[in-house]
Amino acid sequence: MLEDVSKDRGLRIGVCGPVGTGKSSLIALLCRELAADLEIGVVTNDIYTDEDARFLRSAGVLDPARIRAVETGACPHTAIRDDVTANLIAVEELEDEFAPLDVVLVESGGDNLTATFSPALVDTQIFLIDVAGGGDVARKGGPGIERADLLVVNKTDLAPYVGVDPVAMVSDAGSVREGRPVIALSRTDPGSVAELVEWVRSELALHRGGGLVPADPGPMAPHFHADGTSHSHDHDADHQHV
């Protein structure tokens, strides 16, 4: 854990998850719900394009100048965890230009179930899965599903069309998350949207009060193989810095 979080800057929220789970749409939703009374900036990540940033600008959810794109040129995971320099620069430029910002949302490029943000980049992080990805995704686990600050099971309105039970997905996720929150979200369901917005406001209040300490979800959760053997990664051993 890090202990030197600055209360004097905006809350930095990471949003990551596999391709197609709805990260950009979730960010657009949060901007629509919060921009009337909070100052918001957005940084998107893609390997070779700024398409996500262009989508958000065209959606009209924020002043386009408040939406910045980082083209990573490599695995999206690298730019949000291993070398966060480009993202930190983009975040800090937004904070300098539009100070004071209340919230900066940092969207990862589409990655896989191992994607997590470095706590050096964001203060809290949301991991997305969606019902269209299959009902077994939540119980497969992984560091984002198990240890992100919030897990969103997205697109629950599609469940009848893909033969998935979102209640079971939430239950599976809850069983591996040790009490960390899970939200079943649909943009068409005001109750779930309100729950998401309230989570963001709660994290912002904690940040402003100095009570939010970024936790590192880690590169890999301990897990068991079909033959019964177990395996885990030591993050400190795997990532030595000199």
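In this predicted model, Ile126 is in contact with Ile13, Gly14, Val15, Cys16, Leu26, Leu150, Val152 and Trp199, its neighbours within four places in sequence left aside. Ile126 belongs to the largest nonpolar core, which has 33 residues. Leu26, Val42, Leu105 and Leu196 join Ile126 as the residues with the most contacts inside this core. At least two core residues come from each of strands S1 (11-16), S2 (40-46), S4 (103-107), S5 (124-130) and S6 (150-154). Helices H1 (23-34), H2 (51-59) and H9 (190-208) each supply at least two as well. H1 gives the largest share, seven residues. A separate core of 29 residues includes Cys16, Val70, Leu94 and Ile129. In soluble globular proteins, nonpolar side chains tend to be buried together.

The strands form an open sheet. Seven of them take part, in the order S3-S2-S4-S1-S5-S6-S7, with parallel pairing. Strands S3 (67-71) and S7 (182-184) stand at the edges. Each has a single partner strand, so one of its sides lacks a neighbour in the sheet. From one strand to the next, the twist averages 20°. S1 and S5 run parallel and are joined by four bridges. Within this pair, Ile13 has Thr124 of S5 as its bridge partner.

Two helices lie across the strands. Helix H4 (residues 85-97) lies across S1, S2, S3 and S4, and runs at about 160° to S2. H9 lies across S1, S4, S5, S6 and S7. Its direction is at about 150° to S7.

Notes: Residues are numbered from 1 along each chain as its sequence is written. This is a predicted model: local features need pLDDT of at least 70, side-chain atom pairs count only at pLDDT 80 or more; totals for chains, interfaces and linings use all residues. Side-chain values use heavy atoms; hydrogens and water are left out. A nonpolar core is a set of buried Ala, Val, Leu, Ile, Met, Phe, Trp, Tyr and Cys residues joined through side-chain atoms within 4.5 Å. Buried means under 20% relative accessible area, exposed over 50%, partly exposed in between (1.4 Å probe, protein chains only). Contact means heavy atoms within 4.5 Å. Two strands pair if DSSP finds at least two bridges between them. Axes are lines fitted to C-alpha atoms, for helices over the stretch in contact, and angles run from 0 to 180 degrees between N-to-C directions.
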